[in-house]
Amino acid sequence: MSAGMSAGGAAEPPPAGRLRIATFNLENLGDTALPHATLAERVRLLRPQLLRLRADILCLQEVDSQRGSNGAPRRLDALDALLAGTPYAAFHRLTTVSRSHGGPRDKHNLVILSRLAIVSGRQILHDLVQPPLYTPATGDGAAAAITWDRPILHATLQAEAGWTLDVVNVHLRAPRAAFIAGGKESATAWRTMSGWAEGFFLAAVKAAGQALEVRLLVDRLFDADPEARIVVCGDFNADSHEAPVRTILGDEEDAGNAHLAFRTLVPAERSLADSRRFSVLHHGRPRMLDHLLLSR
């Protein structure tokens, strides 16, 4: 699983202006269909890791929901079991919701847990960027909209000292080939290399498009308050030099305008030694796919 990173702070209620923030991908927490460890075994492994983070704000990805009884809305029972007996159980909570049934999404919910009060929260899915229309070059499909896999989750938090913090939790599309109608022989085998390549291209479009939507959100927050405190965190499925993260970070040199310097974000991992600058081992290679991007 890909554990994120934390920045500054303390275990008790933080000193004014200091917070400990963490991001953690829980990898299908609560999915009983996967042939992996039981929930109890996963809780035994995960709970000490979350406690060690000592986070004041914890952004989680890949939290699956469970069906309620007698038609009740879906619930995050697996997450509740994981957090039971920890300080996080009493934290304020914001989660993504399904547009069809109103409760948590079936799979891959984003969750923000905060010691600070959540004064407002929303999810964003094609609210700022409309799905691009695309006609496949391979397969059997007609023109269709390319939609993102998951929403963005945005919370505004209120500190006792009066200032606010905008937290944006993201989980961008992984670089795995997206669905192409008629493109596969089976669930795991593509018919042609061209079909796979087009699916891989569409995955990149999904990640880049949602990164653009995050950047537009960040700029709207700066429009409302040029001194806004913002952190964009989560599983970006990309290193800081790759297009999705660069899109969200912004760079005054790319824009050719030094007046935009205060609209750039700064990766917290820059404060780490190169030997520690990774959040996952992928095929034996250390990679930094999880990030905390901070306003100046």
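Student: Where is Leu-217 found, and why does Leu-217 count as buried in this predicted model?

Tutor: Leu-217 is found in helix α3. Its relative accessibility is 1%, and buried means under 20%, so Leu-217 counts as buried.

Student: What is the distance in space between Leu-217 and Val-168, and how far apart are they in sequence?

Tutor: From C-alpha to C-alpha, Leu-217 and Val-168 are 9.1 Å apart, with a sequence separation of 49 residues.

Student: Trp-196 has its place in helix α3 too, residues 193-224. Why is Trp-196 called partly exposed?

Tutor: Good one to check! The relative accessible area of Trp-196 is 34%. Partly exposed lies between the buried limit of 20% and the exposed limit of 50%, so Trp-196 is partly exposed.

Student: What makes the nonpolar surface patch that involves Trp-196?

Tutor: Met-193, Trp-196 and Phe-200 make this patch of about 320 Å².

Student: Let's turn to the largest pocket. How much space lies in it, and which residues are closest to its centre?

Tutor: The largest pocket holds about 570 Å³ of space. It is lined by 21 residues, and Glu-62, Ala-174, Arg-176, Asp-235 and Asn-237 are the closest to its centre.

Student: Which strand supplies the largest share of the lining?

Tutor: That is β2, with three residues. Strands β2 (21-29) and β13 (280-282) each supply at least two residues of the lining.

Technical notes. Residues numbered from 1 in each chain as written. Predicted model: local features only at pLDDT ≥ 70, side-chain atom pairs only at ≥ 80, totals over all residues. Heavy atoms only, no water. Patch = residues over 30% accessible without salt bridge, like charges linked within 9 Å, V, L, I, M, F, W, Y side chains within 5 Å. Areas by Shrake-Rupley, 256 points an atom, 1.4 Å probe, with all protein chains shown as cover. Salt bridge = Lys/Arg side-chain N within 4 Å of Asp/Glu carboxyl O. Helix = DSSP H or I, 4+ residues; strand = E, 2+ residues; numbered from the N terminus. Buried < 20%, exposed > 50% of the residue type's maximum accessible area, 1.4 Å probe, protein only. 1 Å grid on protein atoms, 1.4 Å probe; cavity = no way out; pocket = protein on both sides within 12 Å on 5 of 7 lines; lining within 4 Å. Points joined across faces, edges and corners; volume = space filled by probe spheres on them.
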